[in-house]
Amino acid sequence: MLVKLEGGRIIDPAHNRDAVGDLYLEDGRIVEKPEGREPDEVHDVSGKIVMAGAIDVHSHIAGSNVTLGRQLMPELPLLAAAEGQPILPSPSSWGSYATGIRYAQMGYTTVIEPAMIPTHAIQAHTELASIPIIDVAGLVVLGNDDYTLNLLRKGDTKGDELKDYVAWTLAHSKAIGLKVINAGGSEAFKFNARTFDLDEQVPEYGVTSRGIVEAMQKVVADLGVPHPPHVHINNLGIAGNVDTAVATLKATQGRPIHMAHIQFYGYGKEGDKGFSSGAPRLMEAINKHKNATVDVGQVMFGQTITISGDILRQFDGRRAANPKKWIINQGEGNGTGVVPYNYKKKSFVNALQWAIGLEIFLLADDLWRVLFSTDHPNGALFTRYPEIFHLLMDKNERSRWFDALPEASRQVSTLGGISRELSLSELAIITRAAPAKLLGLTDRGHLGPGAIADVAVYTNQRNKTKMFAAADLVFKSGKVVVRKGNVVDVTWGRCYHVDPGFDAQIKRRVKTFYNNYYGADPSWFGVTEAISDRPDRFATIPCTR
Amino acid sequence: MLAHGSPPVYLCIEFNKNTPGRTTSLDSTLERAAELLSKARLPVFGGLFTDVKGASAALSLAEKLGGVVDHAASEGTARAARVTRETGMTPASLGEVRNRADTIVLLGDMPRTRDPKLLDKLFPKGATLPRPGDNKRELIVVGTKKGRTPSGIRVTELNGKADLPELVALLGAAVREGPFDIRDTALAKKILSAGERLRNSAFAVFVYDPAELDEPVLHTVLETVRLLVKTTRAATMSLSAPGNGDGVNLCSTWTCGLPVRTSFAGEVPENNMWAFETVRLLKSNEADALVWIDALNGEEATPPTRAFRGVPAVVLSSRPVKAGRDDVVIEVGAAAADHDAAVYLPPIAGIGMLKASAANKKKPTVAEVLSRIEALIDAKGAA
């Protein structure tokens, strides 16, 4: 069936396009205007904004860590319903089903779960498969696991064993890329370390955080995995940690890296309170290091919960739990910390965190390398995205929020002096084009012929919160799934992953390792297509080598 | 369907024999099940000895019908869930414990009753991963006899006239160096020494079955761990519930935000460990239909026999069952025997996949049966 979207303003920064025109969809793809054929269906979108479906590069939506959060805090939606964009005050509001529905309503069509635990990949994929409409992918976490650390201790004398192990893990867990969370820090926590820096050594293993990240960068590049290592660096949330971020950027020596939720590393320690915005310094470094991409991890005021494989950081953060309850889960590799948190407008630190995130976006030279995220739910629930788009696109709205912040926070923030407003094209870069490019999902994030027909249509209005909270129309793989902000068809998306080859010997080695140390068989946590009853659930994206 | 109070007639249904009246096709049996359930005001989905797909299908149908989901071994998980909601948890995986704990505190009888090889798993004979500290590994058994323990491990038994809750409280007091007073001076000395050992441990872990401990005891254990972690490493390790209880519980949580013992009768799902327990719902006649699911390889759910009476039931079972004459009984495959199954596996502290051991593909799975019943109910609604 040939579908025509007629007369909309097409925003497609991947093709430098911002112009009124028509868009044609057929068989789930965007197609050139077919000569001599009339469309079977025409949608009049004149006066509307037409963009590719949005892509979220870092959002904790599934897996054993997220469900630990649900176990700790079923009341989260009830508390969060009082803040910002309305959500149903029901425990099921952060269940799998509601996640897909709400994302689709906002025009999101692809979301990446950034922290699958290798041994829990089956739960992660089962949860992901129960999220409707959106396409998904997962990043698998390594770098604090004893297998990797043991190889690095030995100097990986067998040459390619680490490469084979990473490739095997990616394939076994059907992941799209590799995540490294506080490299070595979680392992050090097991030996009672309470802080861990870039050049500190992991007890018993002798390797440093720098060494682990460097090794993973090399391996991922050698395997040709399109997405570079997705790294949650050391010292998250600590005053003065902008030094760590800058040092980590330097340590990359030009090799590709994605640094996650960088707002949480934009902290200086100037001023009376020993906490200040490090955003200008951070952005100077990011602007310079063209090998690096980041997502921001914007904070919004209100109740949320923090869920992280950075167990060392979460252990420290437990003291700020609000409500006062927390989980420290000590498992293989990273483990997890779950700590409820309420970002308060009246808090000097929280207000500054909010401002630092916005500064990072607005000080970026190249928005293709500064991607949108709130690190859902850690900085804010994903339901808050429309408000953040509004803040980025409207300096008056920003001033209105900024002026309500504590005097002390305003004084040390540069945000008040920034007049930049992101354009629709720039918003499309940070929420569509750049994430697709970064992930190697070349069939989306743009509106060129051949792209998957994931399209979001919005009514352009001054109030960007309203505009982006409810899309007029959303097409998922060519099907209308949302009309006037309501889901009209519950479809089921696909899951993307890479499958780099490996020497089959690694399977035997890993099997022996799990058998000896855990009394477990790796086949138990291998993800197969049978996890879903839908035959076309999984799709492999090619590696470049 | 039996009118409430009329004498029940039980049949022992053996699937392989032609029980009179039971030779109907699967299609017509599913029709009867759909008919029965679509009439129900509050159906309870109990047993739930099934894999994750089965649990997911049960949740879907329960949501549709405004019913209740519970699990036959949810007593412990429900308590643990409530403690978690109130204050949190500090679990460690079996892998971390067996490789890295230097002190293991075993509470009560149930852990070893449930898993007779538990201590061999906790104290493996072979090499382990690097662990913190240089203490020799030690076992402290609380509230029960130490029994057979692995060789080469120092074992302390804290047992005597005091019961398990009291011993846990005393041990907690000893850890925080608070005052306590018991007559048995030998025991007091042992408790004090155990408290000191815990403070000096590099990684102490309390192992228990939440079904054996009341909530206040679970809180005491958690508070003791939280005191220890201020200066050292400590955790709890809870035995997983029988019948994939943890897997079903997790599935319920990601589906609707709440663990089992949840009702979908209201506008939003509601969890209540007392109100939405299967036997209570049946005895009180609040539930007017039962879906009983018992289909795991090697494990059998205890059916709520007496409470069964008077409530029409749809029984999905992988083994012969006793059921009322008018109950709808459907033979299904046993998860992990007749078909591959995702279930909670303690060695990986999470959900893993078990391959079918003796696949009989003729038997439908719980998920298939429930999905077909749901489709039939949808069709009725649409008609």
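## A buried glutamate and its partner

At 12% relative accessibility, B:Glu374 counts as buried, since the cut-off for that label is under 20%. Keep in mind that this is a predicted model. Who does this residue pair up with? The side chain of B:Glu374 meets that of B:Lys64 in a salt bridge, with N and O 2.8 Å apart. B:Lys64 sits in helix H2 (residues 52–65) of chain B, while B:Glu374 sits in helix H13 (residues 366–382) of chain B, so the pair ties together parts that are 310 residues apart in sequence. B:Lys64 itself is partly exposed, with a relative accessible area of 41%.

Over all chains, the structure holds 50 salt bridges. Some share partners: A:Arg29, A:Asp135, A:Asp443, A:Arg444, A:Asp454 and A:Lys476 are joined that way into one network.

Now try helix H7 of chain A, where A:Glu187 and A:Lys190 both lie, 3 residues apart, or about one turn of the helix. These two form a salt bridge, and their closest N and O atoms are 3.3 Å apart. Are they buried or exposed? A:Glu187 has 0% relative accessibility, so it counts as buried, and A:Lys190, at 3%, counts as buried too. For another setting, go to A:Arg319 and A:Asp316, whose salt bridge has its closest N and O atoms 2.3 Å apart. Here A:Arg319 counts as exposed because its relative accessibility is 58%, whereas A:Asp316, at 34%, counts as partly exposed.

## Where the two chains touch

How many residues does each chain bring to the contact? Chain A gives 51 residues and chain B gives 52. Between them the chains bury about 4,100 Å², with 58% of that on carbon and sulfur atoms. On the chain A side, A:Gln330, A:Tyr517 and A:Trp524 lose the most area to chain B, and together they make up 17% of what that side buries.

What kinds of links cross over? There are 4 salt bridges between chain A and chain B, along with 29 residue pairs in polar contact, counting pairs where both residues are at pLDDT 80 or more. Several elements of chain A give two or more residues to this side, among them helix H1 (64–72), helix H4 (121–129) and helix H18 (505–518). Sorted by class, the side of chain A that touches chain B has 21 nonpolar, 19 polar and 11 charged residues. If you'd like to see one charged pair, find B:Lys53 and A:Asp533: they form a salt bridge, and the closest N and O atoms are 3.0 Å apart.

## Strands across the boundary

Strand E16 (326–329) is another chain A element that gives two or more residues to the side touching chain B. Which strand does E16(A) meet over there? That would be strand E4 (residues 88–89) of chain B: 2 bridges join them, and the strands run parallel. Look for A:Ile327, which stands opposite B:Met89 in E4(B).

## A lysine in a loop

Last stop: A:Lys290, in the loop between helix H10 (279–288) and strand E14 (292–295) of chain A. Its relative accessibility is 63%, so A:Lys290 counts as exposed. A polar atom of its side chain lies 3.1 Å from the backbone oxygen of A:Asn287. And how far is A:Lys290 from A:Pro256? The two are 34 residues apart in sequence and 8.6 Å apart in space, C-alpha to C-alpha.

Methods. Residues are numbered from 1 along each chain as its sequence is written. Chains are lettered from A and ligands numbered from 1 in the order in which they are written. This is a predicted model: local features need pLDDT of at least 70, side-chain atom pairs count only at pLDDT 80 or more; totals for chains, interfaces and linings use all residues. Side-chain values use heavy atoms; hydrogens and water are left out. Contact means heavy atoms within 4.5 Å. Buried area is the accessible area (1.4 Å probe) that two parts lose on being put together, summed over both. A polar contact is a pair of N or O atoms within 3.5 Å; within protein, one must be able to donate a hydrogen and the other to accept it, and residues adjacent in sequence count only if both atoms are side-chain atoms. Helices (H or I, at least four residues) and strands (E, at least two) are DSSP runs, numbered from the N terminus. Ala, Val, Leu, Ile, Met, Phe, Trp, Tyr, Cys and Pro count as nonpolar, Asp, Glu, Lys and Arg as charged, and the others, Gly among them, as polar. Two strands pair if DSSP finds at least two bridges between them. Buried means under 20% relative accessible area, exposed over 50%, partly exposed in between (1.4 Å probe, protein chains only).
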